[in-house]
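Student: I'd like to learn how to read aromatic rings in a protein model. Can we walk through one together?

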Amino acid sequence: MDNDDLLAPHRPDPAWNCGDCGELWPCPVFRGRLRSLYRGDTEKLTTFMRHFRERAAVDLADLPPAQIEARFLGWISDPPPRRRLRSI
């Protein structure tokens, strides 16, 4: 991931993929930003993401509800990924 990618908005496109990195939305970059923004307040983060889950459920009606639930809310309770340190 380069610096341009970190500065991109990482918003969903109409098919609910990230418009910047192409990953399924919410993409890893956006999830990381939300973790930083909500600072461990999983209740507020869950409330925020439920809004997107409801909108996506309409657009992604061909997907099983459990898959949509996992994609939009399942990652919230997972521990954040560990950062790799670069050697200098």
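Predicted model: local features only at pLDDT ≥ 70, side-chain atom pairs only at ≥ 80, totals over all residues.

Student: How are the rings of Tyr38 and Phe48 arranged?

Tutor: Look at the angle between the planes: under 30 degrees counts as stacked, over 60 as edge-to-face and the rest as tilted. For Tyr38 and Phe48 the planes are at 40°, so this pair is tilted, with the ring centres 5.8 Å apart. The pair also links distant parts of the chain: Tyr38 sits in helix H2 (residues 28-38) and Phe48 in helix H3 (residues 42-59), 10 residues apart.

Student: Which type of pair do Phe48 and Phe52 form?

Tutor: An edge-to-face one, with 70° between the planes and 5.2 Å centre to centre. Both belong to helix H3, and because they are 4 residues apart there, about one helical turn separates them.

Student: Is Phe52 buried or exposed?

Tutor: Buried means under 20% relative accessible area. Phe52 has 13%, so it is buried. Phe48, at 29%, is partly exposed.

Student: Which residues make up the aromatic cluster?

Tutor: Trp16, Trp25, Phe30, Tyr38, Phe48, Phe52 and Phe72 form one cluster.

Student: And what about the nonpolar core?

Tutor: In soluble globular proteins, nonpolar side chains tend to be buried together. Here the largest nonpolar core has 18 residues, and those with the most contacts inside it are Trp16, Trp25, Leu34, Leu45, Met49 and Phe72. H2, H3 and helix H4 (65-74) each supply at least two residues of this core.

Student: What does Leu45 touch, not counting residues up to four places away in sequence?

Tutor: Leu34, Tyr38, Trp75 and Ile76.

Key. Residues numbered from 1 in each chain as written. Heavy atoms only, no water. Phe/Tyr/Trp six-rings, centres within 6.5 Å; stacked < 30°, edge-to-face > 60°. Buried < 20%, exposed > 50% of the residue type's maximum accessible area, 1.4 Å probe, protein only. Core = buried A, V, L, I, M, F, W, Y, C linked by side-chain atoms within 4.5 Å. Contact = heavy atoms within 4.5 Å.
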